[in-house]
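Visitor: I am new to this structure and would like to learn how to read it. Could you walk me through it?

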Amino acid sequence: MIPRIHKMGTRTIGLIRYLYGPGTHEEHTDPHLVAAWDSLVPDPGRNPKATYADLQKLLDQPVEALPPSSRPTEHVWHLSVRAAPEDPILTDAQWGDIARRMVAATGIDPGDGAGCRWAAVRHAEDHIHIIATTVREAGRKPRRHNEAKRSQVEARRVEAAYGLRRLNTGDGTAAQRPTSAERHKANRYNKERTPREELRETVRRAVAGAQSEEEFFGRLTSAGLLTRRRVAPSGDLLGYTVALPDDRNRDGEPVYYSGSKLAPDLSLPRIRERWTTSAQATSGEGGAPEQPALPPVTGPAYARRRATAATWQALLIIDHGDDGTAAAQIAAAAEVLDALAKTSAANTRKELRDAASAFERASRSHVKAVRGHDRALRQAAGDLVRSGPALGHGEDGATTAMLIDMVFFLAITAANWHAGRHHAQQAAAAQQAAEHLRAAYQAAATQPMGVLQQRGQRLTRQVQQRQAALVRQALPEVADRILAEPGWPALAATLTDAQAAGHDPAALLAEATRRRELDTAASISDVLVWRLRRSAHLPAAPEPPHDPPARGNRRTPTAAPAAQPAVRPANDSTRRR
């Protein structure tokens, strides 16, 4: 159940006409009262003798009783309460009870007999609207401090009382939801998402791994957005707004949104924190550890390998670092997901986009991120963008699966981190992102894992037994599970490749299993394959095995035709050559 407090209004009659009218898009059906401050209040929806003006005069009486100089300009309070789509249809009596609980929780009518006047109107099956005037019967203002949070707390109690879907209480760090007008406009133009949601995703992708204002605004322009910059008289840049070229108002002008209206961390000052601290980390200023210069990225596969290594280090930091440093790693991980979704192939694009959209909520909390230590992840995000789109096969596709596998565990780690700090919405968002990443991994890993499994099945029985004994010795707790998994042949082939490359397979296994999230994997074999191939610098997509030609099909050299005499060399030196 979602309560939403709307912007204060100035005309009571205007809101009444909207609530009882047909709606902007004829979506209102059977408007009527379900509750009010007084049970004898006339209902214009069910009583043919009652008018909108009658209800308006009763609601405004306490306001009109004040001297003109003391009357508040904005005195119309509006709260909507909406049930979840999967909730059962509630009766009028149940909605009336919910309305009384909401006005009591928000301070509009605490039940002392002298509260504000209010009325609850139902014009759809799944929600109600509560209209109130913010002057109590004695002429004083109601105590509405922190009303939004109190309405959310009461909504959780209502869900428990009526057996409705339990939602997580917000903490004020979520991005602003699209308004009803924006949703109706998107439906009218057959758009799946509102302009606000499209702009949020585009701006997040533009900022992923960006190192300067010039790069950020250049990406916005390349993405096709209209941009405007707010400049101070001194010439300093104060902020920016963006718009979609085809999103126009009634006057034909573009509808611009500021970065802070898209998400709290997309305002220009918040974005600059990423750039300034990244520069400090490079030079070692501001307490951040100095970072060595990395070689340039040579392609999408190399960028994905580097991002996988950075994600691995981020996992260790989240586990063992302080809250501020961990929060920075989680926020930077959102940039890696945005960059990965932007450069992914068609077979993983949808799931990765959904994962990035879900993880966006997990990237913000009241724990302040200590920037600077997240430079490796932000650099990895920038490398992914600058390396360009990846193919869905070959080394590009295999390293994509390798990176998705590692980011999946980071999402699980972020969910556990948030849950331990009672960040319910963020924990749920990270868990949802992990499910999308699991689906994306299945799409990306099918081909490369199939090749590795074929190579593992062709190993001699002696080699397979030797690798199985190694796994039993290094991982006795999960060895039986690993050997029974379909991915075991791929792991056996990887252990053989690592040994052939001069590595100690036992040491690689010990390093790869340091993560406690190993048990949450659907296939431990798959996880170990990618971790070993990354740490041993093995090709992520090895060549598929080739069958030797059948003995009966071998081609034998044919004799020269008898009519052509053999050509003999002219001398011994020619013969030797």
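**Reading the model step by step**

Guide: Welcome! The protein chain has a mean pLDDT of 87, and 89% of its residues reach 70 or more; pLDDT is the predictor's confidence in each residue, from 0 to 100. This is a predicted model, in which local features need pLDDT of at least 70 and side-chain atom pairs count only at pLDDT 80 or more, while totals for chains, interfaces and linings use all residues. Residues are numbered from 1 along each chain as its sequence is written, and side-chain values use heavy atoms, with hydrogens and water left out.

Visitor: Where is confidence lowest, and where is it highest?

Guide: Helices (H or I, at least four residues) and strands (E, at least two) are DSSP runs, numbered from the N terminus. Confidence is lowest in helix 21 (residues 572-576), with a mean of 41, and highest in strand 4, at 97. Over residues 550-577 pLDDT stays under 50, and the model has 3 contacts beyond four places in sequence for them; contact means heavy atoms within 4.5 Å.

Visitor: Is strand 4 mostly covered or mostly open?

Guide: Buried means under 20% relative accessible area, exposed over 50%, and partly exposed in between (1.4 Å probe, protein chains only). In strand 4 (residues 118-122), 5 of its 5 residues are buried, so the strand is mostly covered. W118, A120 and R122 point one way, A119 and V121 the other way, and all are buried.

Visitor: Which strands does strand 4 join by bridges?

Guide: Two strands pair if DSSP finds at least two bridges between them. Strand 2 (residues 32-36) runs antiparallel to strand 4 and is joined to it by 4 bridges; here A35 has A120 as its bridge partner. Strand 5 (residues 127-133) is also antiparallel to strand 4, again with 4 bridges, and A119 has I131 as its partner there. A hairpin of 4 residues leads from strand 4 to strand 5.

Visitor: What order do the strands of the open sheet have?

Guide: That open sheet has 3 strands in the order 6-7-8, with antiparallel pairing. Strand 6 (226-231) and strand 8 (257-258) are the edge strands, as each pairs on one side only. Strand 7 (residues 237-243) and strand 8 are joined by 2 bridges, and V242 has Y257 as its partner in strand 8. Helix 6 (residues 195-207) packs on the sheet and touches strand 7 and strand 8.

Visitor: At what angle do helix 10 and helix 20 pack?

Guide: Axes are lines fitted to C-alpha atoms, for helices over the stretch in contact, and angles run from 0 to 180 degrees between N-to-C directions. Helix 10 (residues 300-320) and helix 20 (residues 524-535) pack at about 105°, and their axes are 11 Å apart. Helix 10 is therefore roughly perpendicular to helix 20. Angles under 35 degrees count as roughly parallel, over 145 as roughly antiparallel, 65 to 115 as roughly perpendicular and the rest as oblique. R305, T308, A309 and W312 in helix 10 meet R531, R533 and R534 in helix 20.

Visitor: Why does F408 count as buried?

Guide: F408 counts as buried because its relative accessibility is 6%. F408 lies in helix 14 (residues 394-420), and, leaving aside neighbours within four places in sequence, F408 is in contact with A434, L437 and R438. T400 is found in helix 14 too. With a relative accessible area of 6%, T400 is buried, and, beyond its neighbours within four places in sequence, T400 is in contact with R304, A390 and A444.
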